[in-house]
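Reader: Please take me through the assignments in this model. I would like each label set against its rule.

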Amino acid sequence: MKWGSVALLALCLIVVFYMTRDDEPLPGDRPDTASVINVYGFDVGQGDSTLIQTKNDTVLIDGGNNGKGDDIVRYLKTLGITRLTAVIATHPDADHIGGLDTILDALPVDQVYAPRVNHTTETYRDFLLAVKKQGVTIKTAKSGVVIPIEAVRLKLLAPLRDGTSDLNSWSAVVQLIHQDNSFLFMGDAPIRTEQDLLESGMDLRADVLKIGHHGADTSSSIPFLQAVHPSRALISAGKGNAYGHPRPTVMNALAAESITVDRTDRMGTIQYMSNGQTIQVKSRTDLRPE
Ligand SMILES: [Zn+2]
């Protein structure tokens with residue numbers, strides 16, 4: 001009888017324990033760490049640098065301006081990254097490739113992707129030289145290229161054709177799909193590219209849209225925003241930049257489409273943590289320029 005009571009009490013305690021356990025975490029909280037990926041919109045002032053980090057793979061899209069390479073190398077070290085699976089140079093403008101030579105000199109990189117367009121600046125030559133020192137050959141960034149990394153689908157959607165003398169029109173556009181979540185990174189792709197993408201019939205929907213060209217009004221047309229239909233927009237721009245990025249036209253369009261805006265000029269480095277179903281967003285004050 002006594003042992004029966006003890007057994008009953010133990011059973012009750014177990015039941016109470018299970019009932020009071022916090023089994024309903026907040027969305028994105030306590031996810032299965034094996035399936036979590038992070039996307040970082042790095043604070044590089046006026047320029048672009050975005051990182052995709054899965055458990056074993058890391059992909060860097062652009063490396064900010066000349067002089068930002070050291071900051072990015074420090075960010076990568078803070079995140080425990082000692083090797084890059086791939087680097088994507090969206091196009092040869094200095095605010096995207098300027099820091100890549102410093103990064104390539106500091107970390108081993110397995111693959112480098114860039115659009116097939118030549119540029120004659122010293123910055124571009126520095127980038128090519130750093131790639132050569134790594135002993136890798138640049139793979140062409142163009143629509144249809146799949147970058148093989150674990151746990152996600154990473155695909156280039158653009159360029160769909162050769163660009164013009166405007167280097168932005170060569171921008172690689174990168175689609176990242178992690179289970180139910182998706183991201184679209186536009187580089188500096190102009191409306192011409194947006195039209196190409198719309199005409200291609202590809203599924204452009206994304207939860208997070210990395211806005212083209214730092215929020216300039218040469219990108220982010222209304223039909224494109226409606227096709228992507230993101231809930232959040234990431235804008236990489238420098239505080240008080242001379243171009244007035246992001247432009248009021250773009251900010252108004254984003255507001256009209258009820259898209260929440262995350263700006264590096266206001267929030268610093270922005271982290272998106274995806275567990276495949278939900279995305280948590282936070283500002284990383286520890287990853288800031290020196
Ligand atoms: Zn740019």
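Reader: How many salt bridges are there, and what makes a pair count as one?

Author: The count comes to 11 salt bridges, where a salt bridge is a side-chain nitrogen of Lys or Arg within 4 Å of a carboxyl oxygen of Asp or Glu. This is a predicted model, in which local features need pLDDT of at least 70 and side-chain atom pairs count only at pLDDT 80 or more, while totals for chains, interfaces and linings use all residues. Residues are numbered from 1 along each chain as its sequence is written, and side-chain values use heavy atoms, with hydrogens and water left out.

Reader: Why is the contact of K210 and D48 called a salt bridge?

Author: The side chains of K210 and D48 meet at 2.6 Å, N to O, and the rule asks for a Lys nitrogen within 4 Å of an Asp oxygen, so the pair qualifies. K210 lies in strand β11 (a DSSP run of E, at least two residues) and D48 in the loop between β1 and β2, so the pair ties together parts that are 162 residues apart in sequence.

Reader: Why is K210 called buried?

Author: K210 has a relative accessible area of 3%, and buried means under 20% (exposed is over 50%, partly exposed in between; 1.4 Å probe, protein chains only), so the label follows.

Reader: What makes R232 count as partly exposed?

Author: R232 is at 24% relative accessibility, which lies in between the two cut-offs. Its salt-bridge partner D262, at 2%, counts as buried.

How values were computed:
Helix = DSSP H or I, 4+ residues; strand = E, 2+ residues; numbered from the N terminus.
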